[in-house]
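Please read the following briefing beside the sequence and the model.

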Amino acid sequence: MLTVVSNKATSRLGSIDWKMSTPQLFTFRDKPVGFAWGASASHESADNAADPRAVADNIVDYGGTNSSAGRSLYSAYAEMDIQATSSLEAQLALRGDHYSDFGNTYNPKLALSWRASGQVLVRGAATTSFKAPTLPEIGSKTV
């Protein structure tokens, strides 16, 4: 009643990143405006070959799935940090991504920090985000 199962899985990830920033791109109301930007490119792939007996459901309480998928991702972002007044700071950011299997997504961000007093700091942010499904989720081949 005992058996040994064998899964063979291979995953690969290659990426390159470029980032630059400066604490003072220019001044606004005699205060420095920080700026950062970056870009990246990556490719990932995953292959999982489950034990054929598990895929055929021949082993009790041991499910098995095969999956194979890959994607390329290209991203770019930029953000600015602006000291609007001595007590108010704003951060503006935008990120764009291109997924080879899902298309494009653009995500802006606005964040504010207000120093009400020496002991009180109020912060808030509004942003969007996107998370693509994992490669096993998109490449699953159940029998």
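E3 and E4 form a hairpin with four residues between them, and in this predicted model eleven bridges join E3 to strand E4 (residues 88-99), the two running antiparallel. Helices (H or I, at least four residues) and strands (E, at least two) are DSSP runs numbered from the N terminus, and two strands pair if DSSP finds at least two bridges between them. Because the model is predicted, local features need pLDDT of at least 70 and side-chain atom pairs count only at pLDDT 80 or more, whereas totals for chains, interfaces and linings use all residues. Residues are numbered from 1 along each chain as its sequence is written, and side-chain values use heavy atoms, with hydrogens and water left out.

**Strand pairing**

- Strand E1 (residues 8-28) is joined to E2 by 18 bridges, and these strands run antiparallel; within this pairing, Thr22 stands opposite Phe35 in E2.
- Strand E2 (residues 31-49) is joined in turn to strand E3 (residues 66-83) by 16 bridges, again in an antiparallel arrangement.

**The turn between E1 and E2**

- E1 and E2 form a hairpin with two residues between them.
- Arg29, which lies in the loop between E1 and E2, has a positive phi of about 55° although it is not a glycine.
- Asp30 is found in the loop between E1 and E2, and this residue has a positive phi of about 60° although it, too, is not a glycine.
- Arg29 counts as exposed at 58% relative accessibility, and Asp30 counts as exposed at 76%, where buried means under 20% relative accessible area, exposed over 50% and partly exposed in between (1.4 Å probe, protein chains only).

**Salt bridges**

- The structure holds three salt bridges, each defined as a side-chain nitrogen of Lys or Arg within 4 Å of a carboxyl oxygen of Asp or Glu.
- The side chains of Glu44 and Arg71 meet in one of them at 3.7 Å, N to O, and this pair links distant parts of the chain, with Glu44 in strand E2 and Arg71 in strand E3, 27 residues apart.
- Arg71 also forms a salt bridge with Asp101, the closest N and O atoms being 3.1 Å apart; here Arg71 in strand E3 is linked to Asp101 in the loop between E4 and E5, 30 residues apart.
- Arg71 is buried, with a relative accessible area of 5%, whereas Glu44 is partly exposed at 30% and Asp101 counts as partly exposed at 30%.
- The side chains of Arg95 and Asp97 meet in a salt bridge at 3.3 Å, N to O, with Arg95 partly exposed at 34% relative accessibility and Asp97 buried at 7%.
- Salt bridges that share partners join Glu44, Arg71 and Asp101 into one network.

**Aromatic pairs**

- A search of the whole structure finds two aromatic pairs, where rings of Phe, Tyr and Trp (its six-membered ring) pair if their centres lie within 6.5 Å, and planes under 30 degrees apart count as stacked, over 60 as edge-to-face and the rest as tilted.
- Tyr99 and Phe130 form an edge-to-face pair, with 5.3 Å from centre to centre and 70° between the planes.
- This pair links distant parts of the chain, Tyr99 lying in strand E4 and Phe130 in the loop between strand E6 (121-127) and helix H2 (135-139), 31 residues apart.
- Tyr99 is buried, with a relative accessible area of 9%, whereas Phe130 counts as partly exposed at 37%.
- Ring pairs link Tyr99, Phe102 and Phe130 into a cluster.

**The largest pocket**

- The largest pocket has a volume of about 220 Å³.
- Of the 18 residues that line the largest pocket, the closest to its centre are Arg95, Asp97, Asn107, Thr128 and Ser129.
- The elements that give two or more residues to this lining are E3, E4 and strand E5 (103-115).
- By class, the lining has eight nonpolar, six polar and four charged residues, where Ala, Val, Leu, Ile, Met, Phe, Trp, Tyr, Cys and Pro count as nonpolar, Asp, Glu, Lys and Arg as charged, and the others, Gly among them, as polar.
- On a 1 Å grid over the protein atoms alone, a pocket is an open set of points where a 1.4 Å probe fits, with protein on both sides within 12 Å along at least five of seven lines, and lining residues have an atom within 4 Å of a point; grid points are joined across faces, edges and corners, and the volume is the space filled by probe spheres set on the points.
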